[in-house]
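Dear colleague,

Here is the structure I said I would pass on. My notes on it follow below.

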Amino acid sequence: MIAKSTTLMTANEAASVTGVPLRHVHRIIDAGLLGSAVKRRNKARLLTPTGLVGLKLAHETADVLTLRGRRAVVATSIWSPRQSMIRADMIVVDARAAARTVRSGLSLLAKARGIASSTPDVLRGTPVFKGTRIPVHDIADMLANGDRPQAIVKAFPQLDRDRVRLAAIYVIRRAILTP
């Protein structure tokens with residue numbers, strides 16, 4: 001369902017990709033539901049790409065399955081990522097919707113990685129939208145403060161709604177990768 005990759009993701013990135021609230025990501029990790037899909041590097045907990053569908057399924061089945069059933073569903077999704085129908089506690093879980101959500105989130109994350117550039121001679125290295133001098137963080141802050149994307153595009157005609165929307169994802173990604 002999800003292409004194998006060696007890229008590990010922080011809890012913030014995993015939350016962004018899956019749509020699972022960050023505090024629930026940490027709870028699912030703390031409960032040990034993701035097992036070997038969680039790696040530890042320099043005191044950080046990182047998730048493997050195959051663990052993302054398991055994370056989404058663990059969150060979505062919280063009110064439906066027992067803990068034992070959730071563990072079985074998540075383990076199956078991690079060890080057999082191409083399996084779309086997973087049985088647990090006499091219930092069949094269709095993992096295709098979770099996989100679609102993860103694929104879409106990974107695509108957005110990849111796009112967000114490509115919207116900005118940073119060079120010392122442009123605003124002293126502040127990440128800006130490629131081809132502009134507009135700081136990505138400023139647009140993300142505007143979104144966080146409740147400005148509507150269409151109002152931002154009107155104020156900054158060099159941008160389109162897609163780039164504005166990706167700014168928030170870029171800032172989340174950058175914040176967790178730099179100290």
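To begin with charge, the chain carries 29 positive and 12 negative side chains. The centres of these two sets are 6 Å apart. Please keep in mind that this is a predicted model.

Overall form: the chain has 8 helices and 7 strands. Along the principal axes, its C-alpha atoms fill a box of roughly 60 × 35 × 25 Å. The accessible surface is about 10,000 Å², and carbon and sulfur atoms account for 53% of that surface.

Core: the largest nonpolar core is made up of 47 residues. Leu34, Leu55, Leu57, Phe129, Val136 and Ile139 have the most contacts inside this core. At least two core residues come from each of several elements, including helix H1 (11–18), helix H2 (22–30), helix H3 (49–60) and helix H4 (67–79). Strand S4 (85–88) also supplies at least two, as do helix H5 (96–113), helix H6 (136–144) and helix H8 (161–177). The largest share is that of H8, with 6 residues.

Leu34 in detail: leaving aside residues up to four places away in sequence, Leu34 touches Ile28, Ile29, Leu47, Gly51, Gly54, Leu55, Val74 and Ile78. One of these partners, Leu55, is itself listed among the core residues with the most contacts.

Regards

Conventions:
Residues are numbered from 1 along each chain as its sequence is written. This is a predicted model: local features need pLDDT of at least 70, side-chain atom pairs count only at pLDDT 80 or more; totals for chains, interfaces and linings use all residues. Side-chain values use heavy atoms; hydrogens and water are left out. Helices (H or I, at least four residues) and strands (E, at least two) are DSSP runs, numbered from the N terminus. Accessible areas come from the Shrake-Rupley method with a 1.4 Å probe; for residues, only the protein chains shown count as cover. Lys and Arg count as positive and Asp and Glu as negative; His and the chain ends are not counted. The place of a charge is taken as NZ of Lys, CZ of Arg, CG of Asp or CD of Glu. A nonpolar core is a set of buried Ala, Val, Leu, Ile, Met, Phe, Trp, Tyr and Cys residues joined through side-chain atoms within 4.5 Å. Buried means under 20% relative accessible area, exposed over 50%, partly exposed in between (1.4 Å probe, protein chains only). Contact means heavy atoms within 4.5 Å.
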